[in-house]
Amino acid sequence: MIARLQAVDDELMDLELEKGDLPKQIDAINSEISRLETRKTELDDQLGEVEKKKRVNEGSIELHKVKLDKYQNQLYSVTTNREYDAINQEIETCRAQIESVDNAQVSLLEEEEEIQGQIEPIDVRIDALQADLAEREEELKSKHADTETEELELQHDREKLIVRIKKPVVAHYERIRASRNGTGAARMYGGACGACFAVIPPQRQAEVRKLDDIILCESCGVIVLPEEEHMPAIAPDEI
Ligand SMILES: [Zn+2]
């Protein structure tokens with residue numbers, strides 16, 4: 001019984017493990033996507049700032065062009081050399097300002113391109129991750145559907161076994177199982193406990209093989225079961 005219970009529990013654990021990896025993978029992909037999206041938002045904000053500066057510069061260029069036109073028209077109507085020089089001076093200043101803003105626009109354009117160049121691969125990566133995510137979510141869904149029946153059957157087997165084993169034995173098994181990663185009973189292996197590999201004295205080994213009592217490993221507490229070859233086809237109910 002205990003041997004069969006352990007076998008059923010091992011199978012249940014395998015089913016859990018099989019699913020266990022996928023939710024973790026899905027979490028990892030999700031956090032990678034949100035990390036990339038945060039980075040993309042930062043870059044979008046930077047791009048927005050650049051756009052804003054570009055618009056301000058465009059306005060400034062327009063304004064200076066209007067001024068330039070005005071000064072150039074005034075040149076035709078000046079009467080003195082002093083006036084002429086003064087307006088020419090204004091025209092020069094205006095041109096210099098337009099040139100400097102133009103240069104600033106060129107750097108902003110370069111900056112814009114650079115940021116867009118960074119956003120592009122992020123978009124590609126996010127798309128790929130989202131496709132991957134959808135695939136894995138689908139896989140998990142179908143795995144849940146696949147294992148559901150098997151899991152229910154195993155749970156049912158487990159319940160049937162448990163009612164046939166003495167309560168204190170089940171309680172001990174569960175307690176050890178909880179503290180030993182799912183192992184509450186283990187077969188002897190080369191004269192040692194199959195769970196912790198502590199050597200079992202020959203006298204105890206013989207007792208284990210006699211199958212007329214529950215023998216615990218003195219070192220780790222698991223219920224010690226005989227080696228496969230010493231296990232009779234029909235074992236006493238308890239063991
Ligand atoms: Zn042990």
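1. Which pattern does the chain follow, read along the sequence? It runs α-α-α-β-β-α-β, with 4 helices and 3 strands in the chain. Here helices (H or I, at least four residues) and strands (E, at least two) are DSSP runs, numbered from the N terminus.

2. A word on the basis: this is a predicted model, where local features need pLDDT of at least 70, side-chain atom pairs count only at pLDDT 80 or more, and totals for chains, interfaces and linings use all residues. Residues are numbered from 1 along each chain as its sequence is written.

3. Now the helix pair. Helix α1 (residues 2-77) packs with helix α2 (residues 81-162) at an angle of about 165 degrees, and their axes are 4 Å apart. Axes are lines fitted to C-alpha atoms, for helices over the stretch in contact, and angles run from 0 to 180 degrees between N-to-C directions. So α1 and α2 are roughly antiparallel to each other (angles over 145 degrees count as such). Their contact has 35 nonpolar, 13 polar and 27 charged residues, with Ala, Val, Leu, Ile, Met, Phe, Trp, Tyr, Cys and Pro as nonpolar, Asp, Glu, Lys and Arg as charged, and the others, Gly among them, as polar.

4. Look at α2 around Thr-147: a kink of about 35 degrees is centred there (the angle between axes fitted to the seven residues ending there and the seven starting there).

5. As for overall extent, the C-alpha atoms fill a box of roughly 130 × 35 × 25 Å, taken along the principal axes.

Definitions and conventions. Angles under 35 degrees count as roughly parallel, over 145 as roughly antiparallel, 65 to 115 as roughly perpendicular and the rest as oblique.
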